[in-house]
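User: Please take me through this model step by step, giving the general idea behind each feature before its particular case.

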Amino acid sequence: MDPTQLVLQAELGDWEFVWRQRQFFVDGTVLAVKLTFFSILLGFVLGLPAGVVEAYGGTYSKGVVRPVGVVVRGTPILVIISLTYFAGGISPAFTAATIALGVRSAAYQSQIFRGAIESVESGQMEAARAVGLSKLDAIRHVVLPQALRRSVPGFQNEFTIVLKDTSIAYAIGVAELLKRSYDLFSIQTTAALEVFLAASLIYFVLTFSVNRGIERLHNYVAIPGGNH
Amino acid sequence: MADPLLDVDDVHQSYGDEQVLEGITFEMERQDVKVLVGPSGSGKSTMLRCVNRLTDIDDGDIRLDGESVYDMDADDLRRQVGMVFQDFNLFAHLTAIENVTLGLKRVLGLSEREATEKAAWQLEQVGLREQANSYPAELSGGQKQRVGIARALAMDPKLMLFDEPTSALDPELIGEVLEVMRELADEGMTMLVVTHEMGFAKQAATDVLFLDDGKLVEQGPPEQLFENPENERTAAFLSRLTQLHGGQ
């Protein structure tokens, strides 16, 4: 037998192996997407108020929020996720991963929102107050609608980072894409390239389509005639 | 005798070590139109901002209808005092009509329908019925400033503050804004105006107040200040200003 043919057959066999396990990949993908969604959501729910506090808060509220953000941003995600699961005793692992990724995302999202809020001209706040709006109403109805629009590009990055970092949940046994790739690779060790290529392709398709989606959203919410 | 509408009583204000206002005193009766003039840095804008408490004063008092503005809730005070800004400061994400309805809904508690009706009427008063659904970035400077005026007027203020309302406008757009302001003065609105438009001061002002270096140097009816100023500095400044901005 021609030896090159043998190699080809073996490679075909590895791709076939990946194809046969497609449901396994799909389930991992669904888990990764869920993990991303809930982490981003938690990050938004915590990060937006944190960003508002950093932009407008008093000495005390800033004094709490800022250091927390600095510490979280200064801690590797693998450490955060291990602390949450092993030390924090939060289970199941999916919940622990969501909290770890969500809290870290909040620390970064707060900076995206703080920056966007600070980029809104101070005259906007002043005009809102001059009409008689309370500070909270002014933030809610005048500053935030503009700041949120400006935060979309930064948010796009954050989304990509969180999506890819769901692979860290592998460390605490969450059966997301990377964990499943390892499992498959241990079954058929010749298929390392194929298995991990398949996983990275899925990550790429996800990040690419989400980014395009967010770009569309950005254009959709853009202020007519404006340049933001 | 009834209290004056606005009573500015020996107001002192500073930013850090820098004294901005050093004992400003004047009164405004209802329907008065007072124009504040003075070189840049003389404290005119700061004076306006003290009236609606966008800036706090160090000493003295400001009374609106007899009540110290420092005894009033700041939001309550601002509801009664309209302000028009040099840079318009229209809410960039809202259409012209939404700029007007926001305060009506959130501050005065009007329903969506009441607010929209009132805002539409107010925009029509400043000649912008057609532009009601345009966004600020789609409007000319003069149109933006007229929306700014409509936004303030819709709240039915007792007093309107104008902070150099035409300074950011191209010369050909100044007229339309001044015209709206003149009409407003004719209708009896009480107005405190910082402007370099001497034509407006001559036609519409009950008094012109000349501020220099944080002090009120001279005040009086426009004829008096323009024809027979008591103070040399007033004379020099006004004649220079009239040369530059005498039109309209």
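User: In strand 5 of chain B, which residue is the bridge partner of B:Arg63?

Analyst: Helices (H or I, at least four residues) and strands (E, at least two) are DSSP runs numbered from the N terminus, and two strands pair if DSSP finds at least two bridges between them. Here B:Arg63 has B:Ser68 of strand 5 of chain B as its bridge partner, and this belongs to the antiparallel pairing of strand 4 with strand 5 (residues 67–68) of chain B, which two bridges join. The two strands form a hairpin with two residues between them, and in its turn B:Asp65 has a positive phi of about 55 degrees. Please keep in mind that this is a predicted model, in which local features need pLDDT of at least 70 and side-chain atom pairs count only at pLDDT 80 or more, while totals for chains, interfaces and linings use all residues. Residues are numbered from 1 along each chain as its sequence is written, with chains lettered from A and ligands numbered from 1 in the order in which they are written.

User: What is the strand order of the open sheet of four strands in chain B?

Analyst: The order is 2-1-4-5, with antiparallel pairing. Strand 2 (18–28) and strand 5 of chain B each have a single partner strand, so they stand at the edges and one side of each is left without a neighbour in the sheet. Further in, strand 1 (residues 6–15) and strand 4 (residues 59–64) of chain B run antiparallel and are joined by five bridges, with B:His12 opposite B:Asp59 of strand 4 of chain B.

User: How many strands form the open sheet with mixed pairing in chain B, and in what order?

Analyst: That sheet of chain B has six strands in the order 6-7-8-3-9-10. Its edges are strand 6 (81–84) and strand 10 of chain B, each with a single partner strand, so one side of each lacks a neighbour in the sheet. From one strand to the next the twist averages 15 degrees, angles being taken from 0 to 180 degrees between N-to-C directions, with axes as lines fitted to C-alpha atoms (for helices, over the stretch in contact).

User: How many helices and how many strands does chain A have?

Analyst: Chain A has ten helices and zero strands. Its radius of gyration, taken over C-alpha atoms, is 22 Å, whereas a compact globule of 228 residues would have one near 17 Å (the globule rule is 2.2 Å times the number of residues to the power 0.38). The C-alpha trace of chain A spans about 85 × 45 × 25 Å along its principal axes.

User: At what angle do the axes of helix 6 and helix 7 of chain A cross, and what of helix 4 and helix 5 of chain A?

Analyst: Angles under 35 degrees count as roughly parallel, over 145 as roughly antiparallel, 65 to 115 as roughly perpendicular and the rest as oblique. Helix 6 (residues 122–131) and helix 7 (residues 135–150) of chain A have axes that come within 10 Å and cross at roughly 155 degrees, and are therefore roughly antiparallel to each other. Helix 4 (residues 77–87) and helix 5 (residues 93–119) of chain A have axes that come within 9 Å and cross at roughly 135 degrees, and are therefore oblique.

User: How many residues of each chain are in contact between chain B and chain A?

Analyst: Two residues are in contact if their C-beta atoms, placed from the backbone, lie within 7 Å. In this model 21 residues of chain B are in contact with 19 residues of chain A, and the elements giving two or more residues to the chain B side are helix 2 (74–80) and helix 3 (96–106) of chain B.
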